[in-house]
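Subject: A structure for you to look at

Hello,

I am passing on the structure we talked about, and below it I have written out what was found. Please keep the view open while you read, and take the points in order.

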Amino acid sequence: MAYDTRQITHGTQEVTYGLGGDGTGAVTHSTGVQKFSLSVDQDSKKIYALLAAIDCGSLTAAAEKLGYTQSGLTHMMNSLENELGLNLLVRSKSGVHLSPAGQELLPAMRAFSEAADGLEQAADKLRQHSF
């Protein structure tokens with residue numbers, strides 16, 4: 001599968017992300033020999049949750065909107081950041097906003113979310129027309 005890829009350099013960190021025409025996506029981050037990957041199946045919920053947190057301005061409001069506990073959503077965000085090896089959110093008493101790395105990745109995260117939605121819609125359509 002060929003991916004439409006883009007590369008971002010943020011300070012000394014380099015991130016490559018891509019989306020395939022079939023709705024699959026990948027994000028890799030490397031510092032030294034470490035590599036991190038995301039897959040549509042495993043991480044689309046984390047991306048949706050991060051986008052909701054940004055849209056709502058707080059983890060608490062996003063958790064309520066999505067039906068998660070605040071601690072559960074926090075765990076998801078920490079897990080996503082650990083997988084990527086990047087801090088995506090700046091947390092404060094007044095809420096959350098994207099870090100510089102999060103701002104750089106925002107277009108890729110939105111595209112990833114849209115690709116995951118498209119994949120799910122295509123799968124739903126096929127399931128409805130199965131024999």
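Which residues in helix 2 meet which residues in helix 3? L59, T60, A62, A63 and L66 on the side of helix 2 meet Q70, L73, T74 and M77 in helix 3, where contact means heavy atoms within 4.5 Å.

Before going on, please note that this is a predicted model, in which local features need pLDDT of at least 70 and side-chain atom pairs count only at pLDDT 80 or more, while totals for chains, interfaces and linings use all residues. Residues are numbered from 1 along each chain as its sequence is written, and side-chain values use heavy atoms, with hydrogens and water left out.

The axes of helix 2 and helix 3 come within 8 Å of each other and cross at roughly 105°, and that makes helix 2 roughly perpendicular to helix 3. Here the axes are lines fitted to C-alpha atoms, for helices over the stretch in contact, with angles running from 0 to 180 degrees between N-to-C directions; under 35 degrees counts as roughly parallel, over 145 as roughly antiparallel, 65 to 115 as roughly perpendicular, and the rest as oblique.

Helix 2 covers residues 59-66, and L59, A62 and A63 in it are buried (buried means under 20% relative accessible area, exposed over 50%, and partly exposed in between, with a 1.4 Å probe and protein chains only). Seen down the axis of helix 2, these buried residues fall within an arc of 100°, so they line one face of the helix, the arc being that of the directions from the helix axis to the C-beta atoms. The face turned away from the buried side of helix 2 carries the exposed residues E64 and K65. At the N-terminal end, S58 caps helix 2, with a side-chain oxygen 2.9 Å from the backbone nitrogen of A61, and helix 2 is followed by G67, whose phi is positive, near 80°.

The structure also holds three salt bridges, a salt bridge being a side-chain nitrogen of Lys or Arg within 4 Å of a carboxyl oxygen of Asp or Glu.

- E83 and K46 meet through their side chains at 2.5 Å, N to O, and the pair links distant parts of the chain, with E83 in helix 3 (residues 70-84) and K46 in helix 1 (residues 40-56), 37 residues apart. E83 is partly exposed at 22% relative accessibility, whereas K46 is buried at 14%.
- R110 and D55 meet at 3.6 Å, N to O; R110 lies in helix 4 (residues 100-128) and D55 in helix 1, so the pair ties together parts that are 55 residues apart in sequence. R110 counts as partly exposed at 33%, and D55 as exposed at 51%.
- E81 and R91 meet at 3.1 Å, N to O, with E81 in helix 3 and R91 in strand 5 (residues 89-92), ten residues apart. E81 is buried at 8%, while R91 is partly exposed at 36%.

Lastly, please find V96, which has its place in strand 6 (residues 95-98) and is buried, with a relative accessible area of 11%. Leaving aside residues up to four places away in sequence, V96 touches A53, G57, S58, L59, L89, V90 and R91.

Best wishes

Definitions and conventions:
Helix = DSSP H or I, 4+ residues; strand = E, 2+ residues; numbered from the N terminus. Polar contact = N/O pair within 3.5 Å; in protein donor to acceptor, adjacent residues only side chain to side chain.
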